[in-house]
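Colleague: Please take a close look at the charged side-chain pairs in this model. Then carry on to whatever else deserves attention around them.

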Amino acid sequence: MSLSPTTSTEYEHPGKRRRTSFTVNTSGSGRSDMAPSPQDPAAGHALPPPTPQGHIPKRGARACTACRKGKNRCEGESPCRRCQLSGTPCVFEKPEKKNAQGMSPASVERLSRLEGQYLVMQSQMIGMQSSLDRILMAIQNQGQATAAIIQQAVFNGGSLPPPPPPPVMRNGIDMYNSPGPSEGSSRSSRPFPPLPGFAPPPHKYATYGIVPSTAPSSDDESEDTLPRSSLNAPIEALQGLANAAAEAAAVPSGSPPRVKKRKRAEPTPRNAFPHVVEKGLVSDNEARELYHIFFSGCHIFIPVFDPAYDTYEGLMERTPWTFDAILAVASKIRSGTGPLSPTFYKALEEAQGIARSTLFGPVVRKEAVQGMLLLAAWSTNGWLPSGHAMRMALDLGLHRALEKLADPEGSKKRTEEEERNLVVSARIWLCLYWFDHQMSLGTGRPIVLRDENSIRHCRVLLKHPMVSPTDVRLISQVELIAQKTQIYETLSPLNGQVNHNTLAFIRRANIALDKWWADCDELHRQSMDEDALPRKILAGELHYAKLWLVCVALRGVSWDKMPFEQRELAFQAKDAASNCLSNLLNSHTYRAALRYAVHDTLVMAAFSGLFLLKMANLFPAELDLAAISTQVEQLAQLLSEVAAERYALTLRIMLANLRRKVGLAPGGMPMGMHGGEPMVPPPYIDPAIMPPPPFTVEELGMMAGERGLFDQASIPLWLQEQNLTDLGLPVNGSDGIFLQMGHPNGWTGDFPPMPEAW
């Protein structure tokens with residue numbers, strides 16, 4: 001037997017064994033039994049390869065099982081000639097599949113993400129379908145019940161049953177929710193307080209105010225298709241479909257269906273609540289007087305209004321809630337240090353009653369955010385109300401106002417009313433953004449909203465024709481709070497670990513604050529002189545920001561363990577606090593306007609005084625105690641004159657404690673001057689050994705009949721003797737610095753006892 005000249009060797013894979021095929025000559029003639037292949041040069045001419053229906057052109061599967069077992073030539077057709085002659089089943093094995101190339105990790109991740117998005121969309125669509133089925137079923141049942149009532153009324157003679165009476169509201173309280181005398185006495189002898197009215201107005205959930213940027217703005221979507229925005233906001237789309245189903249069910253069945261284009265936004269419904277003047281609680285003359293008081297100074301500290309647009313008649317018509325809140329704030333300011341008038345209680349009760357209705361109902365107008373912002377700004381616990389105002393603003397889409405206002409192409413298509421709507425919405429959002437961040441930083445609570453893109457185009461408002469005189473102050477506050485947020489996020493995680501990198505960051509932050517003040521003061525200088533109130537407030541904000549910067553960095557650091565660099569920071573903060581107080585006390589305009597200030601401004605001044613007193617306790621030999629005592633005493637007197645007794649009393653207690661410790665008399669002079677030489681002060685008693693006696697009225701610098709003795713146990717922990725070495729801010733911010741006074745609702749006044757809700 002001789003080998004065929006067409007011996008072939010096959011390698012399927014480097015790791016698999018080698019397979020060699022031979023062609024055996026069985027005729028003994030010495031020539032190959034193999035037919036010439038198309039590629040054989042000895043064949044003389046190339047033959048076309050056979051292409052029958054059953055031909056399998058895969059390498060490794062050109063011979064059937066029987067021919068391969070006998071090592072015979074196979075035609076590669078099914079069935080082959082040898083198997084036909086021998087009657088053997090002709091079976092061709094399938095070739096082994098080569099290993100598929102594995103997917104890259106990025107492709108696998110993308111595939112899994114797409115699968116997850118598909119599952120989420122599928123579940124959302126299923127939920128929307130089931131909700132729509134329930135809504136349509138409820139509408140059909142309601143229609144059947146109405147038809148049955150009408151049919152019964154016609155059968156009885158045409159008289160319909162009377163509707164149920166509306167809930168009786170007395171002083172903002174739903175009387176139906178309060179238990180009756182027999183019900184209360186049967187359960188317990190203790191009377192239960194009536195529940196406040198939380199009933200929302202009968203408005204439907206829809207898109208009001210500014211249209212979301214994801215809404216369809218082109219004509220490429222048909223009227224019967226689901227808009228692209230529903231894929232990103234399925235709940236909002238579901239509400240819109242439910243409203244459309246309710247409107248369709250309200251149309252009589254005989255009328256043909258109306259085909260109309262999809263609305264971009266629901267029209268704003270009428271106000272559901274009247275204002276205090278309409279209800280006869282406050283006269284028109286008194287309301288106008290309070291309006292002028294508010295716009296004499298309050299709108300500068302909360303720059304959310306435009307006096308040219310927010311007129312007395314305009315606010316009364318557009319927003320009774322904000323109108324009542326303005327009257328409540330102005331009435332409190334008018335009362336000063338005297339007793340609050342009945343107008344204050346009536347206006348505040350109406351404003352808070354409308355505010356409660358927004359907790360469980362839709363918000364339909366952007367002015368509602370203004371009303372909630374006012375209630376938060378002049379309240380001692382404004383963090384919760386400001387958070388609710390933030391949610392209302394997001395629900396109305398106010399965070400997209402600046403983006404739309406900065407679009408040059410969109411301004412050509414908007415009407416004057418739409419342009420005004422965008423300007424007012426942008427102003428409300430900027431003021432709320434600043435106030436909510438300030439409340440979070442001031443109380444030590446986390447910042448909820450971290451969307452810096454919504455304020456990126458804030459200076460567009462200054463170039464707009466509808467700019468307000470107070471917008472320049474608003475923009476400066478927004479830019480400052482952005483820097484303070486970055487400072488807090490950098491220094492807060494360090495927990496007082498001050499190293500060279502921290503000191504370098506503080507130096508850079510001080511440079512950035514100086515640049516901020518220079519830029520914003522230049523904007524103020526274009527329209528006001530140097531003694532103008534907004535410029536004085538701007539300078540005070542700069543000094544307080546530098547003080548706050550050091551206090552955040554030195555949180556938890558003890559003064560006796562400070563290295564030289566940290567002691568230098570403490571004295572820089574002392575200079576900033578002293579400059580902050582001097583800027584206030586030396587400006588007649590600023591002092592006169594402090595009666596209009598919000599609590600954040602009062603905290604800024606009071607904390608500066610408390611920091612000076614702490615530094616005087618720690619470094620009595622290196623500081624001018626008489627100058628610090630005089631400056632803080634003037635500040636406490638000024639705060640008492642503007643009805644800020646919570647902050648004034650805290651300063652008086654700390655000042656009395658310092659005088660006891662170092663032997664200073666009221667006025668800053670040393671105690672017991674005799675012959676020009678000071679006498680030795682009384683020995684200081686460590687409070688850890690023996691509790692000190694309570695402070696007297698004379699020590700607190702108050703009138704004889706104004707207040708009795710004050711116990712030192714009521715002093716906040718941050719101001720107590722054992723914590724005087726801590727110059728950093730407490731964890732809970734201003735809540736751990738000042739005395740807790742006033743009513744739990746955040747307003748000082750003669751309120752009735754209110755049960756704690758939680």
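Modeller: The structure holds 21 salt bridges. A salt bridge here is a side-chain nitrogen of Lys or Arg within 4 Å of a carboxyl oxygen of Asp or Glu. This is a predicted model, where local features need pLDDT of at least 70, side-chain atom pairs count only at pLDDT 80 or more, and totals for chains, interfaces and linings use all residues. Residues are numbered from 1 along each chain as its sequence is written, and side-chain values use heavy atoms, with hydrogens and water left out.

Start with Lys279 and Glu350. Their side chains meet at 3.1 Å, N to O. The pair links distant parts of the chain, 71 residues apart: Lys279 sits in the loop between helix H6 (234-250) and helix H7 (284-301), Glu350 in helix H10 (residues 342-357). Helices (H or I, at least four residues) and strands (E, at least two) are DSSP runs, numbered from the N terminus. Lys279 is partly exposed, at 41% relative accessible area. Glu350 is buried, at 13%. Buried means under 20% relative accessible area, exposed over 50%, and partly exposed in between (1.4 Å probe, protein chains only).

Next, Asp514 and Lys546. Their salt bridge spans 2.7 Å, N to O. Asp514 belongs to helix H17 (residues 500-525) and Lys546 to helix H18 (residues 533-553), so this pair also links distant parts of the chain, 32 residues apart. Both partners are partly exposed: Asp514 has a relative accessible area of 33%, Lys546 one of 23%.

Lys574 pairs with Asp575, the closest N and O atoms being 2.9 Å apart. Lys574 is buried at 18% relative accessibility. Asp575 is partly exposed at 38%. Elsewhere, salt bridges that share partners join Asp310, Arg318, Lys366 and Glu367 into one network.

Helix H9 (residues 320-335) is another covered element. It has 15 of its 16 residues buried. From first C-alpha to last, H9 reaches 23 Å, close to the 22 Å expected at 1.5 Å a residue. That expected span is 1.5 Å times one less than the number of residues. Just after H9, Gly336 takes a positive phi of about 65°.

Now the rings. The structure holds 13 aromatic pairs. Rings of Phe, Tyr and Trp (its six-membered ring) pair if their centres lie within 6.5 Å; planes under 30 degrees apart count as stacked, over 60 as edge-to-face and the rest as tilted. Trp434 and Phe435 are edge-to-face, at 6.1 Å centre to centre and 70° between the planes. Trp434 is buried at 3% relative accessible area. Phe435 is buried, also with 3%. Phe571 and Phe619 form a tilted pair, 5.1 Å centre to centre with 45° between the planes. Phe571 lies in helix H19 (residues 564-585) and Phe619 in the loop between helix H21 (599-618) and H22, so the pair ties together parts that are 48 residues apart in sequence. Both are buried: Phe571 at 17%, Phe619 at 3%.

Backbone next. Most residues other than glycine have a negative phi, and most peptide bonds are trans. Lys71 has a positive phi, near 55°. Lys71 is in the loop between H1 and H2 and is exposed, at 56% relative accessibility. Pro79 lies in the loop between helix H1 (65-69) and H2. The peptide bond from Ser78 to Pro79 is cis, with omega near -5°. Ala643 also has a positive phi, near 65°. Ala643 falls in the loop between helix H22 (625-641) and helix H23 (645-662) and is partly exposed, at 33%.

UniProt, in an unreviewed entry, lists residues 63-92 as "domain: Zn(2)-C6 fungal-type". UniProt positions are given in the numbering used here, feature names are shortened, and annotations may be inferred rather than shown by experiment. The end C-alpha atoms of residues 63-92 lie 7 Å apart, and the span is 37% helix and 0% strand.
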